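This briefing is for a reader new to the structure shown below. The overall figures come first, followed by notes on single residues and elements.

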Amino acid sequence: MAFRGLRDADHLDTSIYVLQDRHRSHLVDTEEFQEVLHLRQHMRAFLSMWRMDPRIRPYVIRAGFYGIYRLRHIIIDWPLITCLVERWRPETHTFHVPVREMTITLQDVAIILGLHIDGPDVTGTRVLDVAGLCGDLIGVIPPDDAIRGSAISIRWLCQQLSTPSPDADEVALQRSARGFILALMVSFLFADKKGVHVHLCFLSLLRDFTQTLSYSWGGAVLAHTYRELCRASLDRRRGISGCLWSWERLHVGRLDFGRAASYPAPPFPHTLRDDDADVVPGDVADGVDDVLPVQHGVEHEGEPEPALPLGCRWRVPLTQVHNPSGVLLLYRDQLDAQTSDQVL
């Protein structure tokens, strides 16, 4: 998290805040603007549709996305996200809170999501040769009804690549891993409104998994999060996508780790053996990492299990017991009364 210098006295300086007439805060006291934003995430649908084959896990680890997969589906406090969006200023890319300005940084992305923030930028252009790229890197050419511009259908991708044959060779497993990572990206990291298509500009970056790891995926996710915050703060938007941050930095709405005995709080990110969560029904898998015993130094076919990102510790059931203040108006009041010692 980073702090910058403007304070509340400057909040309505229209020479700086030139978008105020379009900003959500302009309508925050009207009855028509009391509904919460819908947070777009598609991890539950993705996990129910595509179970990771253990043979592709080494490639997912090598590419640097295994920690994202282990985050799985996290239940998000929509009123809290809405309250924060109301305080986001697209002119400065900062949240305006009583103590001062705050923003999400690359360090936050690296620690919470476990993504690389160094290396070449993640960039891409319109893919002109969809058939050639797909045939080369995933081994199948999508039909016309599975293509939308430079994007392909996630459902079609799952049907083609989610179940490698028992005698699949290394090339076939790598192709399956590429499809899995593509679906993971659009389900969590770069989620859009529907989550049914993924842009093929990402596929060209998955040619060599070792090289894939070197890209600044954290920088791309941060840029995407900034764009989503800016869009959601203006023009009566109803949805937003993005990644975890507030529970690590703010006292408002933070989950209580003093949970029931069946959900002991993990003191730090940990690893599990043989993807135990994958065999748990979907309605239970959200909290499975908190129930199963911690395993350290585990290897799978010679590939060491990476440490999980800090964001994994927030994958707990969200109820009124854990979070009694899940009300938009109450969150607004709590942020208005915020003090500097309540910011991490």
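**Overview**

The protein chain exposes about 15700 Å², and carbon and sulfur atoms supply 54% of that area; accessible areas come from the Shrake-Rupley method with a 1.4 Å probe, and for residues only the protein chains shown count as cover. This is a predicted model, in which local features need pLDDT of at least 70 and side-chain atom pairs count only at pLDDT 80 or more, while totals for chains, interfaces and linings use all residues. Residues are numbered from 1 along each chain as its sequence is written, and side-chain values use heavy atoms, with hydrogens and water left out.

**Whole chain**

- The protein chain has 14 helices and 11 strands; these are DSSP runs numbered from the N terminus, with helices being H or I of at least four residues and strands E of at least two.
- Of its 344 residues, 52% count as buried (buried is under 20% relative accessible area, exposed over 50%, and partly exposed in between, with a 1.4 Å probe and protein chains only).
- Among contacts between residues at least 6 apart in sequence, 80% join residues at least 24 apart; a contact means heavy atoms within 4.5 Å.

- Helix α14 covers residues 328–336 and includes leucine 330.
- Leucine 330 counts as partly exposed because its relative accessibility is 35%.
- Val327, Leu329 and Leu330 make a nonpolar surface patch of about 240 Å². Patches are made of residues with over 30% relative accessible area and no salt bridge, where like charges are joined within 9 Å and nonpolar side chains (Val, Leu, Ile, Met, Phe, Trp, Tyr) within 5 Å. A salt bridge is a side-chain nitrogen of Lys or Arg within 4 Å of a carboxyl oxygen of Asp or Glu.
- The buried residues in α14 are Leu328, Tyr331, Arg332 and Leu335. Seen down the helix axis, the buried residues of α14 fall within an arc of 100°, so they line one face of the helix; the arc is that of the directions from the axis to the C-beta atoms.
- Helix α4 (78–86) is included in what covers these buried residues of α14.

**Two buried glutamates**

- Glutamate 101 lies in strand β5, residues 101–103, and counts as buried because its relative accessibility is 3%.
- The side chain of glutamate 101 makes polar contacts with the side chains of threonine 92, at 3.4 Å, and histidine 96, at 2.8 Å. A polar contact is a pair of N or O atoms within 3.5 Å; within protein, one must be able to donate a hydrogen and the other to accept it, and residues adjacent in sequence count only if both atoms are side-chain atoms.
- Glutamate 248 is in helix α11, residues 246–249, and is buried, with a relative accessible area of 9%.
- A polar contact of 2.8 Å joins the side chains of glutamate 248 and arginine 313.
- Leaving out residues up to four places away in sequence, glutamate 248 touches Ile112, Arg254, Leu310, Arg313, Trp314 and Leu344.

**Two partly exposed residues**

- Histidine 93 sits in the loop between β3 (88–89) and β4 (94–96) and is partly exposed at 31% relative accessible area.
- Phi of histidine 93 is near 55°, a positive value in a residue other than glycine. Most residues other than glycine have a negative phi.
- Arginine 175 belongs to helix α8, residues 170–189, and is partly exposed at 27% relative accessible area.
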